[in-house]
Amino acid sequence: MDLAATAVELYTLVPSAFTASRTARAKEAKSAGDAELAKQIAQLPKPSTAAWAVNMLVRHGTREFASVLELGASLGRAQEQQDHDRLRTLGQQRPRVLAAAVEQARAVAEGLGVKVSGAAAIEVEATLRAAMTDPGAAAALRSGRLVRSLSTNGLEPVDLAGAVAVPGALTVAVTSTEEPDDGAPQRERAAAQREREKAHAALVDAERQADDAEMDLAQAEREKTEAVRRGEQLAVEVKATKDKLAALQQELAATEWAITLAERNRKVAARLAGRERRTAEAARARLNGLR
């Protein structure tokens with residue numbers, strides 16, 4: 001038993017089984033007479049849900065994770081070459097690649113019985129984004145022993161302190177480009193570094209503006225959809241109101257005609273009633289005269 005192999009085993013487990021398994025492995029090491037190893041195993045931190053989900057994404061060898069690393073490498077080369085068109089094209093691909101990887105991480109986790117919340121999914125995306133921009137972060141993810149999420153501001157190296165269990169086992173290939181220590185090459189390297197930083201800052205700003213613009217576009221599309229829906233609803237209501245108005249107008253016209261007829265009939269009836277009343281009065285007068 002050694003620490004690295006034990007860590008590989010433990011960080012493959014679902015989070016709910018981690019603590020009990022860690023305790024069991026520490027006891028095994030202590031029983032085997034290796035008190036130092038037992039102490040080191042007992043100190044292995046339990047991974048956060050986001051870190052565990054990334055570990056599972058890596059361990060299952062998904063093409064989505066491979067796409068994250070490939071796009072990160074392509075972005076790095078384009079930045080070194082100051083290929084702005086290429087940077088813009090790759091930058092447009094990044095949201096799609098990250099979204100696919102996050103979705104796959106959630107699917108793998110849920111397939112193992114672990115639900116990844118929306119907040120944890122945001123941390124997963126931040127971690128994958130860090131791996132795109134930093135070789136050290138990419139190596140941390142590939143180890144499959146991530147214990148916390150990562151983040152990057154796009155300018156400084158990703159902080160890996162306490163991010164990986166058994167960090168000494170990490171190997172990051174670094175190619176040295178150092179030249180003899182004379183003044184001119186140093187100045188050239190410094191100038192080149194400043195240019196890279198400036199280009200990277202411009203890229204970060206452009207991506208932020210692009211993200212803001214996409215959010216504005218999405219909001220505008222939602223507003224348009226709502227306006228169209230409301231317009232269709234109002235059109236239906238207007239038609240129903242017009243139909244009802246037409247029916248009411250017809251009913252009003254019929255009622256007005258009925259009123260006209262009723263008034264005519266009333267006048268005729270009034271004349272007849274007056275005449276009959278006069279006839280009755282005359283008959284009463286004759287009767288009274290005969291008494």
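In which crossing, left-handed or right-handed, does α4 pass α7? The crossing is right-handed; the views below set it in context. This is a predicted model, where local features need pLDDT of at least 70, side-chain atom pairs count only at pLDDT 80 or more, and totals for chains, interfaces and linings use all residues. Residues are numbered from 1 along each chain as its sequence is written, and side-chain values use heavy atoms, with hydrogens and water left out.

**View 1. The overall fold has 9 helices and 0 strands.** Helices (H or I, at least four residues) and strands (E, at least two) are DSSP runs, numbered from the N terminus. Along the sequence the pattern reads α-α-α-α-α-α-α-α-α. The protein has 291 residues, of which 27% count as buried. Buried means under 20% relative accessible area, exposed over 50%, and partly exposed in between (1.4 Å probe, protein chains only). Among contacts (heavy atoms within 4.5 Å) between residues at least 6 apart in sequence, 61% join residues at least 24 apart.

**View 2. α4 packs on α7 at about 55 degrees.** Their axes lie 8 Å apart. Axes are lines fitted to C-alpha atoms, for helices over the stretch in contact; angles run from 0 to 180 degrees between N-to-C directions. The pair therefore counts as oblique. Under 35 degrees is roughly parallel, over 145 roughly antiparallel, 65 to 115 roughly perpendicular, and the rest oblique. A crossing is right-handed if the near helix is turned clockwise from the far one by less than a right angle, left-handed if anticlockwise. From α4 come Thr-49, Ala-50, Ala-53, Val-54 and Leu-57. They meet Ala-120, Glu-123, Val-124, Thr-127 and Leu-128 of α7.

**View 3. The largest nonpolar core holds 40 residues.** Such a core is a set of buried Ala, Val, Leu, Ile, Met, Phe, Trp, Tyr and Cys residues joined through side-chain atoms within 4.5 Å. Val-124, Leu-128, Leu-141, Leu-146 and Leu-150 have the most contacts inside it. At least two core residues come from each of α4 (49-59), α5 (63-80), α6 (84-111), α7 (118-133) and α8 (135-142). α6 gives the largest share, 9 residues. A second, separate core of 14 residues includes Leu-3, Ala-7, Val-147 and Ala-165. Beyond four places in sequence, the contacts of Leu-146 include Tyr-11, Pro-47, Ala-51, Val-54 and Ala-163.

**View 4. Trp-52 sits in helix α4.** Its relative accessibility is 0%, so Trp-52 counts as buried. Leaving out residues up to four places away, Trp-52 touches Tyr-11, Thr-12, Leu-13, Val-14, Pro-15, Pro-47, Ala-109, Leu-112 and Val-114. Thr-12 is 40 residues away along the chain, yet the two C-alpha atoms are separated by 8.2 Å.

**View 5. Helix α2 covers residues 15-31.** At 1.5 Å a residue, its 17 residues should span 24 Å; the end C-alpha atoms are 25 Å apart, which agrees. The expected span is 1.5 Å times one less than the number of residues. Pro-15, Phe-18, Ser-21, Arg-22, Ala-26 and Ala-29 are buried in α2. The buried residues of α2 pack against α1 (3-10), α3 (35-42) and α4. Just after α2, Gly-33 takes a positive phi of about 90 degrees.

**View 6. Gln-82 lies in the loop between α5 and α6.** Gln-82 is not a glycine, yet has a positive phi of about 55 degrees. Its relative accessible area is 36%, so Gln-82 is partly exposed.
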